[in-house]
Amino acid sequence: MEGEAASSKAALYVTRGCLIVPIQVELDDELMLQLQKDILERVNKTELKGVIIDVSGVAVIDSSLGQAIFDTARMASLMGAKTVVTGLTPGVAASLTDLDFDPGDVPTATSLEEGFRILVPAATHEVKPEEVEEGLEDQGDEATGDRKVEPGEYDDQADQ
Amino acid sequence: MARATREAKLPTPVSILWEGILLLVVVGVVDSKRTQEIMETMLEKVSETQSKTIIMDILGVPAVDTAVANHLIKITKATKLMGCECIISGISPVVAQALVNLGVELSDITTHSNLRDALQYAFEVNGFEVRGRKEATRK
C-alpha cells in the first residue's frame with residue numbers, strides 16, 4: 001500500500017494509445033523517483049504508441065528535476081515507448097538553458113497536441129471508438145496535419 | 001559608449017513569418033544582457049504561437065567571436081527545449097571563417113548565409129512546399 005500514496009500525485013491516463021503524464025507540482029526527488037517507477041511499470045504492462053510527459057503545470061524546474069524527467073523519457077524509450085516532454089514554459093526553458101542543461105535526443109514540444117503529432121503522425125492515426133479524447137477538444141483545428149501553401153498566399157511574400 | 005546604449009535599447013521584435021515560422025532579425029552588438037532579452041522575447045513568442053521553427057538572422061551583428069557564438073548557441077538550446085528549432089541565417093564569409101578558425105562547434109544548428117534559404121528550410125520542416133503559378137497576380 002505504501003507505493004500508492006506517492007503514485008497518486010500524478011494521474012496517468014492513456015488516450016489515443018499514448019500514456020499521458022501530467023506533472024502539476026514541483027516534485028521532490030522521492031516523488032519523482034516513484035513517478036518514474038510508475039511510468040516504467042505502465043510502459044511495461046500496456047501496449048503504447050508512446051508517452052507524453054507534460055510539465056506545463058510546473059513553474060520551476062531545477063536541473064535535478066529536469067534531469068530526472070528527461071532520464072525517465074530516455075528509460076521509457078529504451079523500453080520501446082518513444083517519449084516526448086511537452087509544456088516547458090519560457091521561464092523553465094530559459095533557466096534550464098542557463099544551467100547548461102542537455103536534453104539529449106528527447107523530443108520536446110510546447111503543446112500536448114504537438115506531442116501527439118510527434119508520436120502518432122496524423123496520416124497513420126485513426127481514432128478508435130474506445131479511445132477517450134479528454135480535454136483535447138479545445139486545441140483547435142490547426143492541429144490536423146500538413147497544410148500546403150495556397151498559390152495566392154506566397155506571392156505576396158515574393159516581393160521581399 | 002552612447003552607441004552601445006542605443007543598441008542595448010533597440011527592440012528585438014519577433015515576427016510571425018508564416019505558420020510555424022518565426023523571424024527575429026538581430027542588429028548590433030550581442031552581449032550577455034542582450035542575449036537574455038532576445039531569449040526572453042523569443043521564448044515568449046514560441047510559447048504563444050507554438051511555432052516549430054524560428055529564424056534568427058545575424059547579418060546585422062558586427063563581430064561574431066567565441067563569446068557571441070556561445071550566446072547564439074545558448075539561444076538555440078533554449079528554443080530547442082521548447083520544441084522549436086532555431087535556424088541561423090546571415091552568416092557572411094567573414095563570420096564563417098571566424099567561426100571555423102575559432103573552433104566553434106555549430107554542427108547541431110542549421111545555418112545559412114541568407115534568409116531565403118533559411119526560409120526554404122523552415123518551410124520543409126513545417127511541411128510546406130512552394131509552387132509557382134503560370135501567371136502572377138498583380139493588384
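Here are some questions and answers on the salt bridges and the chain contact in this predicted model. Residues are numbered from 1 along each chain as written, with chains lettered from A in the order written. Local features need pLDDT of at least 70 and side-chain atom pairs count only at pLDDT 80 or more, while totals for chains, interfaces and linings use all residues, and side-chain values use heavy atoms, without hydrogens and water.

Q: How many salt bridges does a search of the whole structure find over all chains?
A: A salt bridge here is a side-chain nitrogen of Lys or Arg within 4 Å of a carboxyl oxygen of Asp or Glu. Searching the whole structure with that rule, over all chains, gives 8.

Q: Which residue forms a salt bridge with A:Arg16?
A: A:Arg16 lies in the loop between β1 (13–15) and β2 (18–22) of chain A, and its partner is in helix α5 (residues 112–119), so the pair ties together parts that are 97 residues apart in sequence. (Helices, H or I of at least four residues, and strands, E of at least two, are DSSP runs numbered from the N terminus.) Both residues are buried, meaning under 20% relative accessible area with a 1.4 Å probe and protein chains only, whereas exposed is over 50% and partly exposed in between. With the closest N and O atoms 3.3 Å apart, the partner is A:Glu113.

Q: Is B:Lys33 buried or exposed?
A: B:Lys33 meets B:Glu37 in a salt bridge, at 3.5 Å from N to O. The two are 4 residues apart in helix α2 (residues 32–49) of chain B, so about one helical turn separates them. B:Glu37 is partly exposed at 28%. Because its relative accessibility is 56%, B:Lys33 counts as exposed.

Q: What is the relative accessible area of B:Glu48?
A: The side chain of B:Glu48 pairs with that of B:Lys45 in a salt bridge of 3.7 Å, N to O. They sit 3 residues apart in helix α2 of chain B, so about one helical turn lies between them. B:Lys45 is partly exposed, at 21%. B:Glu48 is exposed, with a value of 57%.

Q: Which residue of chain B forms a salt bridge with A:Asp98?
A: Across the interface of chain B and chain A, the rule finds 2 salt bridges. In the one with A:Asp98, the closest N and O atoms are 2.6 Å apart, and the partner is B:Lys74.
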